[in-house]
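Trainee: Could you take me closely through one part of this model, the place where the two chains meet? I would like a connected account of what each side brings to the contact.

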Amino acid sequence: MRYYWLGSLLASLTSACSTASPERVQETTPIHIRWANDPVALDPLAIPNQNASDAASLLHLGLLQVDYQANVYAPALAERLPGVQLIGDSLMRLDYQLRPAATWDDGRPVLATDVDFTLKLIQCPGLPYEVARTQFSFIRQLLPDPTNPRHFTLVCRGQGRELINTSGDFPILPENALDAQHTLRPLPLAMLQGWHPDKAPPAVVAALVSRYKQANSARYPSHLPGCGPYRLAEWVHNRHLLFQRKAHWWADDLRPAPFVLQARAQLLDYIIMPDDAAAVLALRRRELDVFPRMPASLFQRLQTSAAARKELAFYTNPSYDLISVGFNTRRALLNNKLTRQALGRLLDPAGLLTATQLGQGSLTVGLVPPDSQFYNDSLPALAYDPTQTLALLHQAGWQKQSNGSWYHSIIAQPLALTLRYRSDESAFATIALQFQAAAAKLGIPVKVLPLEASALTVALKAGDFDMYIRTIKGTPFGFNFSPLLHTNAIGMDNFTGFGRPATDQLLEDISIEGNLPRKRRLLRHFQVLIREEMPLVPLFYLANRLSASRQLRPIIASGLKPGYASGALSWASGSANVAIP
Amino acid sequence: MKLARRTPYHANYWLATSWLVLLLVVGLLAPWLLLPYPAATPDLLHMATPPSPLHYLGTDPLGRDVLAGLVAGAQRLVLLSLPAVGLATLVGAIAGSAAGFWGNKQLRLPLASAGWLLAAGWWLATLPARAAVVSILLVISILFSWLSSRQAVGSSRRTFPLPLDSLVLGATALLGAVPRLILLVALAAGPPLSFVQLLSLLALVAWPETARLVRAQMLRVRVQPFMEAARASGLPAWHIWLHHALPHACLPLFSFAPLTLAGLVGLENTLAFLGIGQAPDQVSWGSMLTTVRQDPNAWWVVAAPGLALLCTLLALQHLAQALNKRFNAG
Amino acid sequence: MGRWLLARLGRAALAAWGIASLVFLVSRLLPAGPEQLVLGEAGELAYPTTAAQRLASNQAIRQRLGLAEPVFYATRSPGPAGHWHWHGCHNQYHQWVSQLLRGNLGQSYASGQPVATLLGQALACSVPLAGSAAVLATALAVGLALYVARAPQGRLRALVQGSLAFLQVMPLFLLALALLLLLANPDVVNILPASRQGESASGLASLVYWAARATLPILSLVLSALPALTLPLAASLRHELGTAYATTARAKGLPIGRVLRQHLLPNALLPLFTTLTELLPTLVAGTVVVEVVFALPGSGRLLAEAAATHDYPVVVAGVLLIAGVRLLGLVLADILYFLVDPRLSPSA
């Protein structure tokens, strides 16, 4: 009986809401963007995840920023890309010029001293910048130009395209706001870099560190003024982050306005919704306007709904994220490349692409995207082929026992595998189940062990796995596979433990080769070599799917994270007074 | 009340029993059932398809056959939840009845046994200098028991009371300090648990309720006249406990065990639904239900496992009610 | 009374501390190193460095998080023939307890924020949710029990009792899932308001918005808690109706409704207090499920996520908090018992 009351209450509530006046968007209506999780900490120099990185790029600017239209690094605070001067075969000098218009919010210009200060701050012992410290330790010195405070040279250890991009890819922080007395200026950068962790830091550094920690800029980003276009207006943990456009931003006056220095939306509201389905419902309810990286099945279901098509626009771009299955080559079981080749043929990349991505994305033969000029198109695609698996297993010396299992007389072990992957990816679960079932048909037991992301990294680094499934995040900014497959990277990102002198040499050659035809030859050879050795099986490149409200201007979508150019988001000009039924 | 005993079981009871028997049979025979698809194998060409002649109950968003998942869930129930309830009931009955029977002061152990226990503990924990310490302890306790046995029979032997009641109550209070679901979430998170680990964890959170119930019943049984008679006849205490007190104290368990099972089935499926400590090849009803969150329109993923879960829980409830009427009405 | 209450409080506090210690120790003995959490995804975004550098930065993080120390007062070195080591007060457990006594719950590994802040933010969402569910459920339970006790045998009463029995066995996650899929789905029925007006509006409008968002979660909690509250109350009301004083009251000509409300209800409420103390943990466990299903940023989801990410300071603090709340509920029920019926001297 009470339910009648409850029911009628709900009904009246519904009717009240549905008869509310049709909403209008104005320029000041926030654009709601979906995030799967909270960025947790917004310290621009200690970025824990992709969301924090997106947020940092709204608040701060680096010398170079990614241009999502062309997918290249473009000058931001720098006036142009750095001039490169190679010294010997292991050093280079990068010549930077800052934009004259660039200023902090208080009107002071952005100068070389700010860059110098930021580099030193990263290296200050006692600050939680362990990752950045190692990442930027290749920058050994900043040489200021005494005649021009906006002109400086970075002395770098190492050469290569990636290093040039990285040299401009950190946020510049204001020296005046953090260190008004310029106490860091007399300390050389190299001295801070080489500081022994057990030695007490210099007094000025200790004072700065304690001041800096006091500000707790990871939680209160407003304590760390940046020269980016937005400021953080509100942050309700695990709920939303609201960014407000600065009324007067220095880049507003630039003519012509470079793409990386555009910021059209007045308010950007990042809504945190971990659940994909809940987020899709919110998109339908117009609580969200932009939903990047949408799972394929939800994306397709939305696309087939006429009501959703009326309200939403859909974008698909090839991304640089590659799903791959890797082998732990240190294990005796998987030491032989024939065994790895045999197991690789139990995976069904084409079927999995159809099943998990509904066919969106692209199969690949190697670690290079198929649309790249370096792609080796003469290699045949890998396919599900159990008969070949049997042949290869026999060739590798495995004997089928009477009880159905496989035994190797030299290794003296039965063939049984553990497969690890991230538990929050449903596509990985499907891949794992497919492989498990295919292996079970041949009598190979496979144990699937999904793990939470951080625990997975620990397990992979410790070598506690036989096979893994993971996404390799690539960039179009060059091909450096050393971190994945070089002997030196074993114990870090080279989880497979793979390393041969020939491939090591090849990887080093690829990373420094500047001549295009030669680079093409090397990369094609590399793809053949990886197919032969098969330390990992590249399955397919993902597509980046994005859905956004039609009330927005067409999104500039990109295959690069976060998948869209946030600076170009804005309401369509005509819709200011258009009522949405 | 005697009338109630003679009343025939309700139709509901037979319905409930037949559903549970069906589950039991399906669960036990699952490996030999001729299903068109295995439970944990995705059908890559049919992801999240509605029921069709190909997949009678459809497939979930991971491509697993729902019918096969139903059977696997029944199997999991029979092989995981049922033994867990058995274990919990056993542990709970023994601990609760012993605590109620002996209380804090009645169970007196000879002092020498303390030496034995200490020595065993020292050895098992491999504490420092274990060979030396353990041999000294053993020598002392052997000497001590020899000495005490030489003393006149009938004079008070040196004993100490084992505070059994406090120990059991303390353990139940400890495990009852937070809700069972919270305790499971806190302990079971992280890497997927093995079958035995999950089973023992479920038994761990389930036994205190049984123990409390049996203890309360035992306190009532203890003061019955027939217990006085048994004590007067000079039977040893453990004999009275095992043969006379325990059967009476465990009487309420007939109707309580189905409820414990229902509670554990609900808990286990909630854990699977939250995705804590589970791998996708361990298919259960809860883990099938959770996939609907990837595709809110896949009603068939919810319908069959949800219905099976509800029917099971309802059947267990009816069974408990019927058994309660039969055994505890008097 | 006072001494007894103190003893009971002490015992319950001991249990809370014990269970939190258990979770603390179990979590620290697990293999995953929390310092990896701090590196997190950054490793994938960053330019790689050498093994030695990575090792050094891991060690620095362990030092900063206080994880370089041994876990407990005495630990055993790994291996089959391990030896025991005594560490004195320089261990993680001692640090944790002493910080706890000073009111410091520690910092989250994942976010580096104080755990108290995180819990506070999450509770701001969960307390209104669980609180309104508790109030609504209790009020509904009293109403329903009064109805069931006096209603004639009939179809409606059977329906109410049947649905209560049905709800009693229905797992909360299934209930919440059904409500979400049926009532908040644009393709079926959507009772949730489609608007972006809510959160930016202030005052009454935002209250309405919040209420609309919270309707389904609260509804699931209320429905799941209702049977456990109603059924015993209805049973004891019916029992009281059969007693002599009730018969007397009715013989005097009082209408049955008034007899129930004024004479029987106060007596029948006693068992309700016990049920209410059980309601609290039920709701706490319920918030975990409901907040996960409805994607609400409350303490239940915080706990579930922290457990999945091995963010143990948050897990341990959450367990401690829940144990504390339960403790408070027990003591409150005892006091209420005593106030309502002083005959029930707690020493009995």
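Mentor: In this predicted model, the contact draws 21 residues from chain A and 18 residues from chain B. Between them, chain A and chain B bury about 1,700 Å², and 68% of that area lies on carbon and sulfur atoms. Charged pairing across the boundary amounts to one salt bridge between chain A and chain B, in which the side chain of A:Arg301 meets that of B:Asp295 at 2.8 Å, N to O. As for polar contact, the rule finds two residue pairs across the interface of chain A and chain B, both at pLDDT 80 or more.

Turning to the side of chain A that touches chain B, the elements that give two or more residues to this side are helix H10 (296–304), helix H13 (349–357), helix H15 (426–442) and strand S18 (446–451), each of chain A. Of these, H15(A) supplies the largest share of that side, with seven residues. Sorted by class, the side of chain A that touches chain B consists of 12 nonpolar, six polar and three charged residues. Putting the description together, then, the area that chain A and chain B bury between them is 68% on carbon and sulfur atoms, while the side of chain A that touches chain B includes 12 nonpolar residues, and the salt bridge count between chain A and chain B is one, the pair being B:Asp295 and A:Arg301.

Terms used
Residues are numbered from 1 along each chain as its sequence is written. Chains are lettered from A and ligands numbered from 1 in the order in which they are written. This is a predicted model: local features need pLDDT of at least 70, side-chain atom pairs count only at pLDDT 80 or more; totals for chains, interfaces and linings use all residues. Side-chain values use heavy atoms; hydrogens and water are left out. Contact means heavy atoms within 4.5 Å. Buried area is the accessible area (1.4 Å probe) that two parts lose on being put together, summed over both. A salt bridge is a side-chain nitrogen of Lys or Arg within 4 Å of a carboxyl oxygen of Asp or Glu. A polar contact is a pair of N or O atoms within 3.5 Å; within protein, one must be able to donate a hydrogen and the other to accept it, and residues adjacent in sequence count only if both atoms are side-chain atoms. Helices (H or I, at least four residues) and strands (E, at least two) are DSSP runs, numbered from the N terminus. Ala, Val, Leu, Ile, Met, Phe, Trp, Tyr, Cys and Pro count as nonpolar, Asp, Glu, Lys and Arg as charged, and the others, Gly among them, as polar.
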